[in-house]
Amino acid sequence: MGFDLITMGRVSVDVYPLQVGVRLEDVETFGKYLGGSSTNVAVAAARHGRKTAVITRTGDDPFGRFIHRALRGYGVDDRFVTPVRELPTPVVFCEIFPPDDFPLYFYRYPKAPDMEIRADELDLDAIRAATIFWATVTGLSDEPSRTATLTGLEAHAGTTVLDLDYRPMLWPSPEEARHWVDKALDHVTVVVGNQEECAVAVGESDPRRAAAALRERGVRLAIVKQGPKGVLAADDDGVVEAPPVAVDVVNGLGAGDAFGGALCHGLLAGWDAGRIIRFANAAGAIVASRIACSEAMPTTAEVEELLSQRTEAP
């Protein structure tokens with residue numbers, strides 16, 4: 001039996017401060033967590049009872065061993081996580097200034113191992129057998145990961161999700177990113193991203209126009225995150241919107257990955273777009289109210305409890 005979800009892309013060790021509102025140079029204590037957007041999405045979906053795996057690469061070092069242990073602890077299959085001997089496992093630091101300032105510092109030098117995923121090493125049979133295959137725009141930013149990402153998307157005949165996940169520091173220009181996103185859209189059925197990422201991908205930041213542009217490229221479900229205005233989704237049944245869920249924000253990092261895992265859970269359950277984005281919104285809100293990312297991913301029961309409280313922001 002195949003996986004419900006296979007994700008492919010970034011992995012890291014997140015070293016986050018345990019003090020809020022403190023600059024990195026003044027932080028006294030840190031927590032160490034599993035990180036990386038695609039990895040977090042796999043963890044988030046596993047929290048909803050889904051059978052998940054991640055395709056990524058680490059360094060052959062203690063942090064790489066930590067990643068394997070953490071994945072297994074969260075119920076994510078680590079068979080497709082392989083080492084790159086000459087590169088260190090990436091480390092990511094952040095600062096936490098609620099409600100909306102969370103600077104990130106990526107240590108992915110000289111190159112991140114997850115950008116060394118190679119097409120000829122992919123288990124294409126496993127990718128084809130999975131119900132959902134999830135890839136990211138970051139995976140398109142350099143070779144050999146770019147060719148591997150496009151190969152995985154092309155091989156999968158079912159639901160393929162592209163997380164726009166645009167990180168400007170990893171690209172020479174927005175135009176270069178748009179070129180490769182355009183190639184990927186030939187093989188994608190679901191796209192999720194915020195307004196800025198949509199502007200890079202299809203030249204439109206207005207949520208309705210961005211969703212329409214993605215739909216014109218053949219995407220069946222286009223999801224545009226609007227920050228404090230909530231989320232918009234467009235599919236064959238039309239356009240629906242969901243307002244944000246009110247929480248006291250502690251750390252907004254990881255909320256999008258919780259959204260992604262919940263999105264996959266909803267797709268697997270066969271929910272309509274409106275129910276999917278309401279559930280995913282609530283999942284993201286729960287993580288935003290906590291410090292960590294992977295460790296903070298909620299269970300289905302936690303999300304349903306928050307939704308039952310009807311705490312949607314006006």
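## Reading the terms in this structure

Q: Which residues does Thr-82 touch, not counting residues up to four places away in sequence?
A: In this predicted model, Thr-82 touches Thr-56, Arg-57 and Thr-58 once residues up to four places away in sequence are set aside. Thr-82 itself belongs to strand 6, which covers residues 81-84.

Q: What makes the pairing of the Thr-82 and Arg-57 side chains a polar contact?
A: The side chains of Thr-82 and Arg-57 are 2.9 Å apart at this contact, and a polar contact requires a pair of N or O atoms within 3.5 Å, one able to donate a hydrogen and the other to accept it. The value falls inside that limit, and therefore the pair is listed as a polar contact.

Q: Why is Thr-82 called partly exposed?
A: The relative accessible area of Thr-82 is 29%, while buried means under 20% and exposed means over 50%. Thr-82 is called partly exposed because its value lies in between.

Q: How far apart are the C-alpha atoms of Thr-82 and Asp-114?
A: The two residues are 32 places apart along the chain, and their C-alpha atoms are separated by 9.2 Å.

Q: What makes Arg-108 count as buried or exposed, and which value decides?
A: Arg-108 has 10% relative accessibility, and because buried means under 20%, Arg-108 counts as buried. Arg-108 lies in the loop between strand 8 and helix 3, where, leaving aside neighbours within four places in sequence, this residue is in contact with Arg-10, Val-11, Pro-90, Asp-114, Met-115 and Leu-170.

Q: Why are helix 4 and helix 5 called roughly parallel?
A: Helix 4 (residues 145-155) and helix 5 pack at an angle of about 25°, with their axes 10 Å apart. Angles under 35 degrees count as roughly parallel, and the two helices are therefore described in that way.

Q: Which residues in helix 4 and helix 5 meet?
A: From helix 4 come Arg-146, Leu-150 and Leu-153, and these meet Glu-176, Trp-180, Lys-183 and Ala-184 in helix 5. The residues of this contact divide into four nonpolar, no polar and three charged.

Q: How do you know that Cys-94 is in no disulfide?
A: The nearest cysteine sulfur, that of Cys-293, is 7.4 Å away, whereas a disulfide needs a pair of cysteine sulfur atoms within 2.5 Å. For Cys-264 the closest cysteine sulfur, also in Cys-293, is 17 Å away, which is too far for a bond. A search of the whole structure finds zero disulfides.

Q: What makes Cys-94 and Cys-264 buried?
A: Cys-94 has 0% relative accessibility, and Cys-264 has a relative accessible area of 0%. Both count as buried because buried means under 20%.

Q: How do you know whether Ala-46 and Ala-157 are buried or exposed?
A: Ala-46, in helix 1 (residues 37-47), is at 15% relative accessibility, which is under 20%, and therefore counts as buried. Ala-157, in the loop between helix 4 and strand 10, has a relative accessible area of 80%, which is over 50%, and is therefore exposed.

How values were computed: Residues are numbered from 1 along each chain as its sequence is written. This is a predicted model: local features need pLDDT of at least 70, side-chain atom pairs count only at pLDDT 80 or more; totals for chains, interfaces and linings use all residues. Side-chain values use heavy atoms; hydrogens and water are left out. Buried means under 20% relative accessible area, exposed over 50%, partly exposed in between (1.4 Å probe, protein chains only). Axes are lines fitted to C-alpha atoms, for helices over the stretch in contact, and angles run from 0 to 180 degrees between N-to-C directions. Helices (H or I, at least four residues) and strands (E, at least two) are DSSP runs, numbered from the N terminus. Angles under 35 degrees count as roughly parallel, over 145 as roughly antiparallel, 65 to 115 as roughly perpendicular and the rest as oblique. Contact means heavy atoms within 4.5 Å. Ala, Val, Leu, Ile, Met, Phe, Trp, Tyr, Cys and Pro count as nonpolar, Asp, Glu, Lys and Arg as charged, and the others, Gly among them, as polar.
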